[in-house]
Amino acid sequence: MKNYLLDSLFINMLRLRAICPFSWRVFQFRTCSCKPLISQMITCTDEEQVFDLIEKNKAILSEKQVECAFNILWQFQKQKTSFLKNVDCIRDHPQFLTLHNLATSQMEFMNDDTLVNVLYITQQCATEAHDLVAALVTEAWRRLERFDINVLSKFSSCLAKQNLYFSPLMGKIADIVHRNLETIEDLRSLSVLMVSISSLISQRFQEQLVNKTENLFDTIDSSQVNVARRIVQFLRNIKYSYYPLLERCNKVFLSNMNHLDLDSISKILSLYHSLQFHSFEFVKTAKKRLAEMIPLFDHPDGFVKLFVALGPIAGPEEKKQLKSTLLLMSEELTRQQALAVMGAMEEMESRNSHLIKKYLKISVIPSEISILVYALSILPSSHLDEVGISRIEAILPQCDLNDLNGFATSVLRWIHYDRKCLDNTTGKQLKLLQKLDHFGLQRLRKCNNLNLLWEELKSLKGDWFAESLLEETAGTLHRLMEEINYKNVAEIASFISRTNYFSTLLLDRIASVVVQQSQKIHPYVILDIILPFSIFNYDPPQNDEFFRICIQYLNSYLSGLDPLMLVFLGYSLATLGYFPEDLLKAIFNIKFLAKMDSQLEFLCSSLNMKVQFRLMELNRAVCLECPEYQIPWFHDRFCQQQYNKDFGSMNGAQQQIYKMLAEVLGGTNCVKASVLTPYYHRIDFECILDKRKKALPYGSHNITLGKLPETHWESHTQITGSRLPPGAERIALEFLDSRAFCRNIPHLKGKSAMKKRQLEILGYRVIQIPHFEWNSMALSTKEARMDYLRERIFGKSTS
């Protein structure tokens, strides 16, 4: 009889193992006497049968049988779809209290594994069982030092579920991990611990965990999506875009894309967005996978998650489907769901006025109100009434720079566009702007941590920040400059590029960090680092070593970089006069260009065009400045298409200069307006002086003031009469508006400097007329301007 029972139990255990993949350790029992009851639990087909067994045997249940009951109940829940509804049926059952009491009374007899497993399942099933959870946590704390790595990781996740990230107990776990890090070999368990303790650990410990993770990464197989996701989550938590690990995790995600569900894809996309990590391949495959899910979600919970994940990367057809479904269920959305949808719609450049107005009335959190107010400001015929102004004013002391910037951008838009707004409302909006300025300045002056400041600065945009806070922000960055390191150097460089604020102190610090900490900087961030130097046309004191390191890193990683990134890198370096041969050969080949073309299809129209222009400008720079590379010019047709579309009228300053040049040079036939050079540089005005400094007339050409001449296309757009008489010189005159200079000082930017360099290669003497000189008090009269032009052209002042 005994053998029969053992055989029967073994068969049932195998059957359960096939249908319920929970841990085999559940069935390692202390005595043979408990086996028949566990065998009966294993054969149960629903929760009621389990609870019946508990009721009948509650006087004799051992701690292992209690754990088995918890495990089986939890497995039933995981197999069902309507999770929350089914959890209620467990925790509200009268026998669950019996199980609860048995666990409380027997916890001191449970081994470590059983104790933490019961805690984990209790948290999943019974949100009301606070006393049991507290008792289990207390008992686990008492045993903490003896937990093995698997038990410790599961316990840390239980604490995380209770939001105890900053508790002394989590600190104790962090200390245990730190002391035993060298002996830990299980990356699955370590990844759980890393996420749990990430809020408490020092920068040095963060680096140790990153290094340990790199060393252990090859011990997991390519199907370990959850491990890879936790690693990315850890990097997000410590705000460290460590590309070597991100790339390896990305490969895991890509190899398992067909098995990823909506929840996994949306989490990964969110983490990538936070880390500013861009994987074209992941976005491309995720978009396809998510689009296939659109018909599957007709309930707000799942649909909102799908909308937020797919909306910003969706094509026109997918966006249409998403918006249609949204209209049908908009009334069913909760406040949080509506806010999530609004955030996604902002990235999609789309709005829903009904949702905005409905949830603005009930929101109390600054970031929520900021999102809603900003979305409302973009809608046609909307305005900010006194109630809205009052709601904003009430929360200003709680706002960070992101919130303040959102409010200011919205208010400025209303003031500028809403001409029907009542005078008293406009006055209140102006007063609100003054308050926003005040709170923004106060927040910057109190800031004493660069990384916290960056979290608020990284997504700022709009006129208010640039006009009201940029100088104070630059001062704060100068004050915290010593905190720039290999982790945040690319982010600070990117911010400087966006603001157009030229600071040699900050740029020199960035270059110094790269030179001193180059081994810790990944090639993926070289573009962000180089960009401000390229934009501002600036060589730091260590420029030779700085650019040598950057180019060396790029050359060692060319095959791993995204094609679009390579194009922008090539252009940025060319702007500065650097033309690395390996990089250029990687870009200008048929295989690379075909791959780039396939990516352009997935970009928005503005980014698509920007990439094509940058490739054209790089092609032009190489042809003109490095003819020895023998890279062909292949952008004739593209340039003809663009310049045919873009030819327009001269602005007011250009019209003034054109008329005065005609007087200075001896007639309109001595000056050409809007000339296209070989390789399609467009210059404002051109004239030719003979060896006696006298202007030579062109052939007859008529121009209506304010209109540009018709263009007759030839290959390379050769200049008519390109052969000049002996001693003659061709002059290009360029009017430079504010876009050619840095925001804070009149320093010529890289693009204008490169154009001047290339026009000189084409044989021009280039005269650049800065807007701040042309519009200065010194040139306030026509006579002064005429003298200015004469001096710039002829080299002396004549009257």
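Trainee: Let's start with Glu734. Does Glu734 count as buried or exposed?

Mentor: Glu734 counts as buried because its relative accessibility is 7%. Buried means under 20% relative accessible area, exposed over 50%, and partly exposed in between, with a 1.4 Å probe and protein chains only. Keep in mind that this is a predicted model: local features need pLDDT of at least 70, side-chain atom pairs count only at pLDDT 80 or more, and totals for chains, interfaces and linings use all residues. Residues are numbered from 1 along each chain as its sequence is written, and side-chain values use heavy atoms, with hydrogens and water left out.

Trainee: Which strand is Glu734 in?

Mentor: Strand E3, residues 729–736. Strands (E, at least two residues) and helices (H or I, at least four) are DSSP runs, numbered from the N terminus.

Trainee: And what does the side chain of Glu734 have a polar atom 2.8 Å from?

Mentor: The backbone nitrogen of Asp684. A polar contact is a pair of N or O atoms within 3.5 Å; within protein, one must be able to donate a hydrogen and the other to accept it, and residues adjacent in sequence count only if both atoms are side-chain atoms.

Trainee: Which other residues is Glu734 in contact with?

Mentor: Leaving aside neighbours within four places in sequence, the list includes Arg682, Ile683, Lys755 and Gln768. Contact means heavy atoms within 4.5 Å.

Trainee: OK, zoom out. What order do the strands take in the sheet?

Mentor: E1-E2-E3-E4, an open sheet with mixed pairing. Two strands pair if DSSP finds at least two bridges between them. The edge strands are E1 and E4 (764–770), each pairing on one side only. Neighbouring strands are turned by 40° against each other on average, direction ignored.

Trainee: What packs on that sheet?

Mentor: Helix H36 (residues 652–665) does, touching E1, E2, E3 and E4. The direction of H36 makes about 5° with that of E2. Helix H39 (residues 782–794) also packs there, touching E2, E3 and E4, at about 155° to the direction of E4. Axes are lines fitted to C-alpha atoms, for helices over the stretch in contact, and angles run from 0 to 180 degrees between N-to-C directions.

Trainee: How many residues of E2 are buried?

Mentor: 7 of its 8, so to speak of E2 (residues 682–689) is to speak of a mostly covered strand.

Trainee: How does E2 pair with E1 and E3?

Mentor: E1 (residues 672–676) and E2 are antiparallel over 4 bridges, with Lys672 opposite Glu686. E2 and E3 also run antiparallel, joined by 5 bridges. There, Cys687 stands opposite Ile731.

Trainee: What's in the E1–E2 turn?

Mentor: The hairpin has 5 residues between the strands, and Tyr679 in the turn has a positive phi of about 65°.

Trainee: Switching topic. How do H4 and H7 cross?

Mentor: The axes of H4 (residues 63–78) and H7 (residues 112–125) come within 10 Å and cross at roughly 35°. Residues making the contact include Phe70 and Trp74 of H4 and Val118 and Ile121 of H7.

Trainee: And the whole protein, how much is buried?

Mentor: 52% of the 799 residues.
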